[in-house]
Structure formats: structure tokens, C-alpha cells
Amino acid sequence: MAASFGRGAMTNHWKDIKNADVVLVMGANPAENHPCGFKWALEARDNRGAQIVTVDPRYTRTSTVADRHLQIRPGSDIAVIGGWIHKVLEEELYHDDYVRLHTNASFIVSESYRFEDGIFAGFDEATSTYDRTQWSYERGADGFVRRDPTLEHPRCVFQLLRAHYSRYTPEVVAQIAGCSVADFEAMAEIVCSTGTADRAGTIMYAVGWTMHTVGSQIIRAAAILQLLLGNIGRPGGGINALRGHANVQGATDHAIVAASLPGYLTVPQPAQTTLAAHLAAYTPRPAVAGSVNFLSNYPRFFNSLMKAWFGDAATPANNFAYDHLGKPAGDATWLSMWDEAHQGRLEGLVALGFNTLLAGPDVPRLIRSMTNLKWKVVIDPFLHEAAEFWNAPGVDASQVQTEVLYLPAAHWIERGGSFTNSGRWAQWKEAAVDVPEGVRSDTWILSELFWRVKELYEDEGGAWHEPIRDLTWNYVNPREPSLEELAREINGYDLTTGRLLDSFAQLRDDGTTSSGNWIYAGSWTEQGNMMARRGTEDPSGLGFHHGWAFAWPLNRRVLYNRAGADANGEPWDASRAGIRWNGTRWVGDVPDFGATTRPDAAGAFIMTEEGVARLFTTGLVDGPFSEHYEPAESPTANILHERVAVNPTVRWYDGVRESLAQSTDEFPYAATVYRVVEREHFVTSHVPLLVETMPDFFVEVPHGLALEKGVVNGERVRVWSPRGEVEGVAIVTKRIKPLTVNGRTLWTIGIPVHWGFKGITTGAMANSLTPFIGDANTRCPEFKAFLVNMEPVA
């Protein structure tokens, strides 16, 4: 979404879903995995008459309360969304005024751009990468992008978009996805019905989209669709990414993702040897006259972060201690990290609150990788599978030399602090129960780790000690900082007065301000802890509740809300007025725009250098438009371009090609993994009442396939891939129908992921089956589409 809109977060928020006319659930199963949030979709249905529709390889618990369901083959999402884009363009169902005003549809693209036989311009076969400058805009003598307001220029984005998706006819989509043309078209009528000012549609997605080799591009395709329909920035619209655990969004905000610094600033690269070089690389220049180009403030955010980390040791004279930051050449994504261990190049690893065995693909390979480590530290409330990987079935513990240190840590139920939910609302909570004896908080553990490393440097010396020496650690109890102190540090200070900041607009690049995460500036001000607020007033009736907690940025509830109004600042739909220009200022939600900036003074998307949203982007490594590529393991050829079947920019780690299914005769069935409501990922394997409700590992087998294979409901089946096998109880179901893919009948098998060899009840590890390959942009593993075989257990 960042490549399309400027930020990667949920565009709206949970309660806003009640304002929708159409709720598309695709790549998610919120009735099961996000039940508290899903109530707002039901409220939209009950109070507005909204239609809820699901598109999924399985008929899920969400599908049971949906108005319509479309079953598709795992890994065919882009083909389906591409078919909807095709329909919107061919039948002129797009919101014309919105597209012209708020997107780059009129921007003219360079003559160097092309797309042919599955490959975009600039591809280097030797490196499997694109030269993305080949996708640049055409610029005028003034340096700004040339535009065609008529949208008729053959190289304007709108015409290139139309040409790209002209291939995605209903017949082609049905052949790829396995559904019927009639079922696809019936779903398309609903999804594509919101391209008018008086209707709004939202999308709810989760890891069912991200866990593919084209995961980022699935989300991009959804962004294109929603922009054409005019659904971004509007109450009841948006693309709503449903995070898993309660603080996944907060963890992402605070740089849990590789290559990210807090607030989505960027980790320096080796070539950026100076602060000036780094700031120049990530401080964009406006592409059109009048663009707000808010990321031109990157130096303010970055330098204030360095002041928060290094305090008095970060000064203009030493480039704010820029040399203290590592500048890694490789990536530290999940797959790359474990590949380093597999190759014997990684000595040790610290896992904090993370079951690194069950949460990764190709469990046998992961076990080999862990065996190659010299040491491993596990910081967790539970002694889980990753902490005792040498006890996994089939492992000879006598051959494992890895030293594992287990540090029992407090569970989040035993701690206060803040959670940031999917909708970017940071909410302060209190501990529910006391921490057990002998267990420490992760704050204490990490603080002690810092102090002991620092003390070792002081006693023994050593290379590159300056970053550790210069870290600020000015807390009342420096061995265990309080969560309140950390929250204030994250918010940031005016260092000239010692006062807490009210807004990131107060940040400076001269060393006079600090902020541990610029997007959280305003979360704890001189008025107190904004995250602890519990005001329930909602004058708008739209669910903004500005007095409840704090939503980044600046307590804004709907991102890009300037796009929820027309050229004159009037809301597209007066009954759902997110913001409105009253002649002197914007009123309603906190504007994602200058509060007193006139409607015609700048573009609505302030986080892009274009000032508008991007139907065409250079922000992803694998293409400016989303294109259907087959999963790494696919039951069929790619009928759009057989020579380029799989995403050409995916990274092939050593030995992975050889670990894939080579024949659909040997591995004829598509498979996907999923979660069930009775188990909250792996944690609740230790909660008796929840384990009792869903005790046994099972395999979901389609009824027709069970008849073919002689599988009886309630008896055991074995499922295997080239990487491993699982055995469990067969749940024979009519919820999964046979599909006709490229003229061939295809069955899909569903496998839940929660079990392992630890916990109250144990079961097979589903990720023993999944391939060690991931998204070309994020390296998120492809858990959601792979091939298997199956047989009854004698």
C-alpha cells in the first residue's frame, strides 16, 4: 500500500467498516481470526444493508454469514482482481472525477516502458532484477511530470492500465482461478458496484494475501481497484489490513521489519557512507508543482531519532552519530536470515516472543539451519518447539551441538503498556495478572543485555564499542526502564525546553528535538498519556471517537481523507462526510492535509511526491502493475505467459528449486494453511479450555476427493510434499468444491498450522510441507499455495 498511497498501514479503522456498502473479504477469514473486529462488517450489513462477500479457496466461517462466496484456486488472487479491474475499465464503472483528481491516471510514462510476455522493461536475467528507471515518468523542461488531462495519450497511465488488464477477461480469469464464468461475473457485479459518489466499498485482507511470492502485488492490485472505484480516503472505503496479534501493527511501526527504522525510516545502505548521502537518497523531490511531498521532512524525522538514541553524543558536528548505525549489504528478512544459518554463516540468534520453528516454512530445513547455529537465545513465556528443536520428531539430539539459552519472559497479559491495533489506534492497557516468580519482563531482559554488553566493553575493550557506549539510557531505574518512560521517549521532546512534543510538525533537523518514532509524536504530551484516553463521544456518527486513545498520525482516523472530498472540498457523499472544507479550514476528521490549505492548493496524497495516489508505481521490485504469476509450486501452466510462469524477481535460495514438486502426477493437489478461532496461533496450545475445544490436528479433505481416495471422515490421513509429511484426523467436508483449472479438475486441501510437539496436546507441524520461498519484495514465505499428495493411513 505504501507504493500506492504513501503509507503501508490500514487506511481506515475497525469501526469504520460499519459505514461500507460492500465489504469484500479476500485473503482473510475475520469471523474466525478477527471476530471482535468483524462485528463492524455485520453492523454494516444489519444497519446499512451492506453486502458482505468472500473470495477464498475455502468456504470459511466468514463465508457462512456472507451474501455471496466465490471459491478460487490458491494463488490466483491477482487474476481475479485483474478481472475486476478489466470490468471496471471496459464498462466505465470507475469514479471518473476521483480518478482524474486523485490518481496519476493522467501522468505520461517514459517511452522506455513496455510489458511483453510476462516481463516488464529493464529486466536483467543474470540478477533477476529490474532497472526501475525504465518505468519512470516523462518530464517536461521544468523537471515536472508531463500530464494529459484527457486521459487519451497512449502512454498515459490510464491507457497503459487499460492495455495491461485487457487480457483479464472473465473467460481467462475463470480458466486460471478455477471458478465458472457465471460465478465470477456475479461476484464482479457486487465488487465493482461502488464506483459512484453515493456508494463506498471496503476490502478486508490478512495473511491470505501477504503469504505468496506475489503477496505485495496482490495488495497492489487491490489498491488499483479501490482507486478506480474512488474508495480510498472515504468513510466506508479503504483497504483494511487485518493484523494478527493485538500489537502486530505496533511492532511494525517500531521497526520489527527488516530494513526499517522506527516510523518506517530506512536502514542505511553501504554506499551511503555519509549522513548527507543517506538523507539525499530518502528525501524525495516533488514530481509535480504544488505537491506537499511530506517526506521532504525525512531529515527532521531521522535526526530526531538519532537524538533519541544517542542524546548528547549525536550532534551536527558528527552528523548526529550517523557512523554508529550499521549499513548491512544483505537483507535480514526471515528467509534470508535462516538461509545464512543453513549455509553455516550465522553463529547465533536471539528470538524474542517468536516460535521460530513453527512460524517458518520447510520445517526440516529450519531444523537443519538451527542445528548449524553455535547458540540460540529464546525469550518467551513458553518453552516452545523452537526452544527444544532437537526434540522434534526424527531429530537425533546427540548430533545437535547448538547451545540454547531459555529466558522466561512475562506474557503481555502480565504487563501494562500500549497495543497498537490494525487501525493504528495505540491504546494503553494495565496488567491483568502478576508476573510469576522467576519470570522477568522483556524490558528487564533487553536492558540487562545492553548493560552487560556495555560492561564487557568497559572491562575488556573491543571493536566498534562507540554505539553501545553512546546509547542514552537515562531512566529512573536504568536497569529496567518503565513503560511510561519509554512511551514518552518515543513521543519525543523539545530539547531546548524539556517539554514533550504535541506533533511531529514540531520536529527539527538541527538537533533541538528528539523522537523515538516520529509517527507517534503526540501520543504522550504535556497534557498526559493520550493513549489512555477513553472518551466515547462521536459527534460525526461515523465512529471517529477522537477522544479515545491515540491514532497515528496526529490522531487521524482515516488516512488520505482529503481524497474523500471533491475538487471544491465537498465530501463525495454528504451523509458520510469524513472531512469538508468550510471556506477557511477542513473540519471533521483530523485532515491528512494542511488544516487551512485550500482544496486546490495541493494534491490529496501528501506522502507521495506526485501528490496523488499511484495506479502506476516504481515502488515495488516486480512491476509497476500487478501481474498474475503462478505460485512456485503450481498445478498448471501460466496461460498468460507460459515462458514466464513464476514471478521472475523472486529470490531462489540454495537448494530450493530442487525441493519443489516436479510433477503434478506425483503431487496433484493444491494445499493451503490456515488458522482456527479456538487456537490463537501457538500460544493457546498451553491453555486447557481452548485446547479442549480444538484438541487434535486435522486435515480438511473435500468430500469428492475423499470418495476417490477412500478417506473416511474421522479416520487418519497422511499428507506429504517433497519437503515433509503430516498425519492427522480427516475432516471430510463439502465446503471445498472441485475446481476446473485450465481444463483440469483440481482439488484443494486445507491444513491448520497450530500444532507441534509441545503443548497440552501435540500434532503434526503443518509447515513441514510448505516451500522455502517468498514474496519478491518482503520475502514473506509462500505458505498459502503449494502442492501435496494424500492417502488414508492404513
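Modeller: Let's start with strands: helices (H or I, at least four residues) and strands (E, at least two) are DSSP runs, numbered from the N terminus. Two strands pair if DSSP finds at least two bridges between them. Also, this is a predicted model, so to speak of local features we need pLDDT of at least 70, and side-chain atom pairs count only at pLDDT 80 or more, while totals for chains, interfaces and linings use all residues. Residues are numbered from 1 along each chain as its sequence is written, and side-chain values use heavy atoms, with hydrogens and water left out.

Biologist: What makes β15 and β16 a pair?

Modeller: At least two bridges are needed, and 4 join β15 to β16 (residues 425-429), running antiparallel. So they count as paired. Within that, Thr420 stands opposite Ala426 in β16.

Biologist: Why are β15 and β22 called edge strands?

Modeller: The open sheet has 3 strands in the order β15-β16-β22, with antiparallel pairing. β15 (417-420) and β22 (550-551) each pair on one side only, and that puts them at the edges.

Biologist: Where do the domain bounds come from?

Modeller: From an automatic or database domain assignment. That gives domain 1 (2-244), domain 2 (334-460) and domain 3 (657-792).

Biologist: How do you know that domain 1 is in contact with domain 3?

Modeller: Contact means heavy atoms within 4.5 Å, and 26 residues of domain 1 are in contact with 30 residues of domain 3.

Biologist: What area do the two domains bury between them?

Modeller: About 2,300 Å², 56% of it on carbon and sulfur atoms. Buried area here is the accessible area (1.4 Å probe) that two parts lose on being put together, summed over both. In domain 1, Arg58, Met211 and Thr213 lose the most area to domain 3, together 29% of what that side buries.

Biologist: Why is the Arg58 and Glu700 meeting called a salt bridge?

Modeller: The rule wants a side-chain nitrogen of Lys or Arg within 4 Å of a carboxyl oxygen of Asp or Glu. Their side chains meet at 3.0 Å, N to O, so the pair passes. The rule finds 2 salt bridges across this interface of domain 1 and domain 3.
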